[in-house]
There are 2 protein chains.
Amino acid sequence: MIEHAVGRVLANDVTANVDSPPFDRSEVDGYAVRSNNTYGAEEDKPVTLRIIGESAVGRIPKIEVELGEAASIATGAPIPRGSNAVVMIEYSKKTGEKVTIYRSVVPGENVAQTGSDVMVGDLTLKRGTVISPREVGVLTATGHFEVAVYRKPSIAIFSTGNELMPVSNKLEPGKVFDVNGPTIKSMIEEMGAKADYLGILPDDYESLRSRIDDAVSRYDMILTSGSTSAGLGDMIYRVFQNIGEPGVLVHGLRIRPGKPTVAAVAKGKALIGLPGFPVSAMIAFSAFVKPLILQLLGLKQTDSGPEVTGKLAFRIETGRGARHYIPVNLIESQAGYAAYPLFGGSGAISTLALADGYVEVPERKEFVDEGEEVQVRLLSRNLKLAELNIIGSNCPGIDLIIELSGRPNTKQVNVGSTAGWKAVDKGEADIAGTHLLDEDTMTYNIKFMQKYDLHGRAILVRGYSRRHGLIVSKGNPKHIEDFKDLLRKNVLFINRNKGSGTRAFIDQNLGKLDIDPENNVRGYTYEARTHSAVAAAVSQGRADAGIAIEIFADAYNLDFIPLGEEIFDFLIPKQKIDKPSVQEFLRVLRSTSFVEKLPLRLRGYNTLPDTGKVVAQ
Amino acid sequence: MIEHAVGRVLANDVTANVDSPPFDRSEVDGYAVRSNNTYGAEEDKPVTLRIIGESAVGRIPKIEVELGEAASIATGAPIPRGSNAVVMIEYSKKTGEKVTIYRSVVPGENVAQTGSDVMVGDLTLKRGTVISPREVGVLTATGHFEVAVYRKPSIAIFSTGNELMPVSNKLEPGKVFDVNGPTIKSMIEEMGAKADYLGILPDDYESLRSRIDDAVSRYDMILTSGSTSAGLGDMIYRVFQNIGEPGVLVHGLRIRPGKPTVAAVAKGKALIGLPGFPVSAMIAFSAFVKPLILQLLGLKQTDSGPEVTGKLAFRIETGRGARHYIPVNLIESQAGYAAYPLFGGSGAISTLALADGYVEVPERKEFVDEGEEVQVRLLSRNLKLAELNIIGSNCPGIDLIIELSGRPNTKQVNVGSTAGWKAVDKGEADIAGTHLLDEDTMTYNIKFMQKYDLHGRAILVRGYSRRHGLIVSKGNPKHIEDFKDLLRKNVLFINRNKGSGTRAFIDQNLGKLDIDPENNVRGYTYEARTHSAVAAAVSQGRADAGIAIEIFADAYNLDFIPLGEEIFDFLIPKQKIDKPSVQEFLRVLRSTSFVEKLPLRLRGYNTLPDTGKVVAQ
């Protein structure tokens, strides 16, 4: 029973039911004696006593030791009546019914006295103590098979929004999976409370009202997420306001994100409406709901989980007038943790995947400077920080290397090549993936060592080539073979964003055709930010052609017309080269296994003669 | 489903099943347009477009936006065919079927493109990732309702020893409760594995053999504790050796504690015999068994729980030739954590109650110096470190103060008055309870400010008085009324240890009788170390009388003959006075509530005219 109490909180003070030890017991194997019988006993002047019996562990001996007598005794066995000390077996010699003692003992020697450790009635654990295995041990030792703990509060969770579908279903067009329901439920359960995810509610007053009304009668707390923005006419606000007295207490907090958070009390239950975007919902939960649940659990509001101290990786402007909660990604560097603010948008899964925790910026602060020390509250105690930090351009080739290596706990921050170079400059990335094209020499990466002043401070390791080309629908119905086909009126192109290596390649090739692309290429102004977005647009018929690396044609089952290759390299700061996870990464990159598997696993990829070699330093 | 995976470990790499966003979607409320329709639009040079319909969240719009047209669109709604940007509602004005646009947009503006966040096939989570709520969010968002996780290993636990009883029973004489069974079970479950505590086995080869044989066929791992010492003839060793091939791999490690640890493999299962003392068992489990279980869980062996860096509070000698694991108690001071080595014995509950973690001292080291930096591995992730540290003499009066205060997470280290003074000197205690008697002046505590050179560095706050006297059996059958009754031949006395305040009081009073106590007082050489041990000895008939404070007569239902009072004060280092938990402690000590409750709750206790006042500084 008691072992099931781990993580629960003691509802009462607990006192010892038994003494520890519960009887005077021997701390050694030897002979129980009257200590004054041994006075003066030495190696060459021993004392001989008569053995009258023994005391074994587990029962009270019936014997009584008188002057001139001894009883053999085991460690943990009760001290027989009459004796007051134990001679260690090492200082004795048994001969038949006699024992010769070679060392004197003082009263109480080698005896653990009743209650000398813990006594009956001792306050051993205080109300409010969180039970860990150590407390299980203390409770058991002091005679407690059961203890009173605080009841687990029960919390109902709803997600609201017409666009939401449960992840158990197949995604319908125009819909997204509900992320908050399962996520918030798991956050609550991780805290030790009970949570029921009661499903998705439409943005409809009557449905919301009746389901929430029902839940209020059965749960201690109701949490909703979504439908709190102004666009939905404050629907959650109105529902909460009408459930019962006193109604809404807080609406529209001066915080970002979380402004639309609604807090109400009705029929003695707390109702809280969280923002809809997952990262915002998690942060608002952590910052506002967790303290309430902790209180219901009998815990202190300060027990709200792990924090680490870090330095902000770059300056953020927050502006005054609101408290800001900035999601951050933590990267361990020699100088401790660097906290990278995440600006992918709180609706983005990539932000969610990278958010280790958040930094609270008080209302009076306008900005937090680069390098400023910040407290990062982690989003979960189950969250593991990374052993290998890869910041820069992402590539499935990196995933293959990780797979082939010892699979360190790897964090990949996909911020593009340029930001990767900056992270190496600051020494915060272990490795940066890069495919920057120098348009003067039409070579990749090497020339940028000079530009970023990294000679002597970083090494550039040759990676591999990735084939890129035209991506078109399966079967290539419009017979697109070359850049000049993009000039046709029946071809809709999807471009890439300026600054990307692929865009440089596109513009270079269109330049050779001596035309004005904006007027002559349909779709030239529609820019996708990733290879994948290009492939998705072609796949869904939103465009007829785009330029991307070959692997995405594969992923989206499209046709591919090769046009060239680009080189993807790895930049590593000097001080990170000896890090075991970096060494392992390089070992795999240089292995024959990688050379064999890369082209097989990733269509259009190939190693190069100098793969794994340092090409600049 | 997926929300139940928290704490589990991914058995496979996970890739995205859906794009995020799964369609091009608006990031704002406004109007979907063709961006070139808005070129040049400004506040005083607006553009007017015809509204052809709307795109709402949750479904794909049927409309197509042509030149000169716009569609109203909500945040999160799909971008209609033909449009490539969204004008925020703030920069528009609707008039009937027309909308006037006051700001231009570039292609893609306010549009989140399909897959721009995460694309189908993206490796989103790697095998071996521990699932936290964040991962639940990522898995849900990328279309995973279920994921493959590593199976929970199942572990059988036995406790061995004839002296053990389950805590669910009433304690029989000579027995102790089995602590390790429930404790080890809770440690395993806290790690996320399954554990069955299969009960207590006697120190008997055949019983051990048949029960363990049976468990090997049903569990992944067998853990026993106890019966590993030499005294039991290596019984666990022999059992493990005979279960199957290859048998015992390790026996008798060069570690302290844990020397008797036995490790075997039989029929492909691991069998480990842990030491019997709870603290030793917990440390051996944490150091040797946890890494194995982590591996079975699919986790890294480095994930073995929280660690803190601290400074050793005093020098410990370990000697070479064995690796030592020193249980420590952690105290937060201004200089960080101080780690107090615990020497109460690994069988002591008080050691168990205080053990926050342990320090590993490598074989080559002979000692660890005072102030040396040490890594402390915590025994549990549920373990909470203390907000208020009270080091010194223990007293139920302290418990009452804590109960009446805000119940901070309090750690009490009961090391006696003298060690409390030293802890204040080092600034590691927040408060030290003290009742040191100066025999020259027969006053308590104040004179020691000089002796410990604490004037100006600490304050001594007056506590309360505790009545002490003779403790005798109920009804006082031997009519013991005074110290002179201790001289009677039919009276067996139990003394206190030298250096205790009570011993000084005893010797002072016996001195007045002008006798040689060793020869004239029966039991004078039998020294108890605590008030409780005195009361227990009288209660169990091992002595007829002793001197203790009155409250223990109460606790053991004994008679009490008052002989005087002692004063219990509180010593506080200057730098700790402003700590909120210390201020709260003093507030309660000075409250009328405490004055009223102290004599009612604790017989023989009373406040003094100067209770709560600073009596020395």
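**Salt bridges and their surroundings**

Modeller: Lys478(A) counts as partly exposed, at 28% relative accessibility; buried means under 20% relative accessible area, exposed over 50%, and partly exposed in between, with a 1.4 Å probe and protein chains only. This is a predicted model, in which local features need pLDDT of at least 70 and side-chain atom pairs count only at pLDDT 80 or more, while totals for chains, interfaces and linings use all residues. Residues are numbered from 1 along each chain as its sequence is written, chains are lettered from A and ligands numbered from 1 in the order in which they are written, and side-chain values use heavy atoms, leaving out hydrogens and water.

The partner of Lys478(A) is Asp544(A), in a salt bridge of 3.0 Å, N to O; the term stands for a side-chain nitrogen of Lys or Arg within 4 Å of a carboxyl oxygen of Asp or Glu. Lys478(A) sits in the loop between strand 32 and strand 33 (493-496) of chain A, and Asp544(A) in the loop between helix 12 (531-539) and strand 35 (545-549) of chain A, so that distant parts of the chain, 66 residues apart, are linked. Helices (H or I, at least four residues) and strands (E, at least two) are DSSP runs, numbered from the N terminus. Asp544(A) is buried, at 17% relative accessibility.

Strand 32 (residues 458-472) of chain A runs antiparallel to strand 36 of chain A, with 13 bridges in the pairing; two strands pair if DSSP finds at least two bridges between them. Within this pair, His468(A) has Gly564(A) of strand 36 as its bridge partner. Strand 36 (residues 559-573) of chain A is also joined, antiparallel and by 3 bridges, to strand 29 (residues 432-434) of chain A, where Gly433(A) stands opposite Phe570(A). Strands of a sheet pair through backbone hydrogen bonds, either parallel or antiparallel.

Another salt bridge within chain A joins Arg50(A) and Glu69(A), with the closest N and O atoms 2.8 Å apart. Arg50(A) belongs to strand 4 (residues 47-55) and Glu69(A) to strand 5 (residues 69-73) of chain A, so this pair ties together parts that are 19 residues apart in sequence. Arg50(A) is partly exposed, with a relative accessible area of 42%, whereas Glu69(A) is buried, at 11%.

There is also a pair between the chains: the side chains of Arg542(B) and Asp24(A) form a salt bridge of 2.4 Å, N to O. Arg542(B) lies in the loop between helix 12 (531-539) and strand 35 (545-549) of chain B, and Asp24(A) in the loop between strand 1 (14-15) and strand 2 (25-26) of chain A. Arg542(B) is partly exposed, with a relative accessible area of 23%, and Asp24(A) is buried, at 5%. Over all chains the count comes to 66 salt bridges.
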